[in-house]
Amino acid sequence: MSRDLSLHPCFNRSSSGSCGRVHLPVAPRCNIQCGYCNRKYDCVNESRPGVTSAVLGPEAAVRYMEAVLEREPRITVAGIAGPGDPMATPDETLTTLRLLKERFPQLLFCLSSNGLALPAHAEALAEVGVTHCTVTINAVDPAVAAPIYTWARDGKVIYRGRHAAEVLIERQLESIRRLKALGLVVKANTIVIPGINDRHVAEVARAVAALGADLHNLIPLHPTAGTPLEGLTEPSRAVMHELREACGAILPQMTHCRRCRADAVGLLGNDLSGEMSGCLQSLARASLSGVPRRPNVAVASMEGLLVNMHLGECHKLQIWGERDGAYVMLEERYTPEPGSPERWAQLAAMLTDCRALLVSALGQNPRKALEASGLAVHEVSGYIPTALDGVYGRADLNGMAAKRKKGAVCCGGGDGGGC
């Protein structure tokens with residue numbers, strides 16, 4: 001079936017008043033940590049990338065697509081934009097796209113990615129019918145990019161600092177080159193960060209234009225609480241206008257971006273994500289029917305690769321589960337604020353879908369409270385999937401037991417200030 005590529009409202013402003021899009025939140029995990037990103041869930045009133053009301057499995061995404069089209073038949077694009085990176089969980093992303101192509105061949109399919117894992121899957125994306133792709137690329141000079149990223153995870157390897165920036169930039173540029181060779185329409189997104197890359201964005205425009213990118217989107221930084229860049233200010237309209245004028249001489253600019261959520265739905269000027277959140281959450285819950293009551297595992301991790309955090313120092317936990325024979329990081333949950341004597345009871349109430357908690361260490365008071373709720377608590381250190389093998393009965397966890405220094409004890413009093 002021939003599809004009209006001009007019907008993508010983000011890539012073609014003239015279509016934005018008559019054509020809509022839906023972002024299907026099927027990609028919860030991310031393989032980089034940006035200094036401006038806080039992927040907090042269940043925040044319906046926030047409109048920014050990385051935020052969603054729920055995460056869907058591939059089959060639930062198809063059912064949600066049916067509901068969306070019934071509510072808003074002017075939807076022409078189904079996209080995957082998170083809440084993490086679609087290529088950090090390629091199986092879920094590609095399965096969703098294949099199911100969508102079978103059920104809704106008339107739609108355009110779109111993907112947004114940071115580019116780190118994209119080159120390895122470019123051909124597969126073209127095969128499943130992706131027509132448009134956005135690659136976020138904030139710098140083409142590692143010295144400029146290094147302060148923007150905390151870490152980048154490529155398989156089992158974690159890069160930090162300048163090395164992370166070098167690997168990421170190389171993959172981003174390769175992503176654009178491969179996608180254009182495959183005939184996709186490509187947009188480059190650049191977050192304009194005052195004092196870091198605002199004087200560098202024209203260099204980004206020149207680099208992506210040389211690779212054949214079709215469109216460039218300069219997005220002003222949205223300072224987000226709980227991130228390393230939260231203290232910066234958002235660039236003014238005057239600054240953004242000046243930068244777009246300069247970059248527009250190099251590459252056509254998108255000027256109607258809405259900084260959409262990972263579950264955005266509807267026309268760009270009439271987002272229905274709040275209205276559809278009940279349906280989204282209902283389908284997310286239904287997709288877990290038939291799964292054991294406590295199927296998941298909570299993990300205390302600094303970077304998402306290792307179990308390596310003390311519970312008292314952990315302001316958020318990762319929730320992991322099994323999906324189609326693979327371990328998947330489903331979401332992140334913020335732990336209750338320190339200072340409350342009910343902190344550990346509150347945490348137990350947040351983890352009723354989890355069978356186990358993996359931490360590097362914790363005190364006796366939180367252990368008692370959590371175990372009393374039916375949660376198995378394991379003090380371990382090491383690679384998360386290996387620890388999950390132990391929780392799910394495929395390996396012995398004893399070999400991963402966290403080793404305390406001789407004579408060390410946890411001194412937290414259990415009053416919520418530590419553990």
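Which strand holds H132? The points below take up that residue, two others and the chain as a whole.

1. H132 sits in strand 5, residues 130–136; helices (H or I, at least four residues) and strands (E, at least two) are DSSP runs numbered from the N terminus. The model is a predicted one, in which local features need pLDDT of at least 70, side-chain atom pairs count only at pLDDT 80 or more, and totals for chains, interfaces and linings use all residues. Residues are numbered from 1 along each chain as its sequence is written, and side-chain values use heavy atoms, with hydrogens and water left out.

2. H132 counts as buried because its relative accessibility is 1%; buried means under 20% relative accessible area, exposed over 50% and partly exposed in between, with a 1.4 Å probe and protein chains only. A polar atom of the H132 side chain lies 3.3 Å from the backbone oxygen of L5. Beyond neighbours within four places in sequence, H132 is in contact with L5, H8, F11, L108, F109, C110, L111 and V185, where contact means heavy atoms within 4.5 Å.

3. T227 belongs to the loop between strand 9 (215–220) and helix 7 (237–248). With a relative accessible area of 4%, T227 is buried. Its side chain reaches the backbone oxygen of T224 at 2.7 Å. Neighbours within four places in sequence aside, T227 is in contact with G35, Y36, C37 and N38.

4. G325 lies in the loop between strand 14 (316–323) and strand 15 (326–334). G325 is exposed because its relative accessible area is 74%. Between G325 and S53 there are 25 Å in space, C-alpha to C-alpha, and the two are 272 residues apart in sequence.

5. On the overall fold, the chain has eleven helices and 18 strands. For 419 residues a compact globule would have a radius of gyration near 22 Å, and the chain agrees at 22 Å; the radius is taken over C-alpha atoms, and the globule rule is 2.2 Å times the number of residues to the power 0.38. The C-alpha trace spans about 65 × 45 × 35 Å along its principal axes. Of the contacts with a separation of 6 or more, 71% come from residues 24 or more positions apart.

6. As for burial and surface, buried residues make up 54% of the 419 residues. The accessible surface of the chain is about 17600 Å², with 51% of it belonging to carbon and sulfur atoms; areas come from the Shrake-Rupley method with a 1.4 Å probe.

Terms used: Polar contact = N/O pair within 3.5 Å; in protein donor to acceptor, adjacent residues only side chain to side chain.
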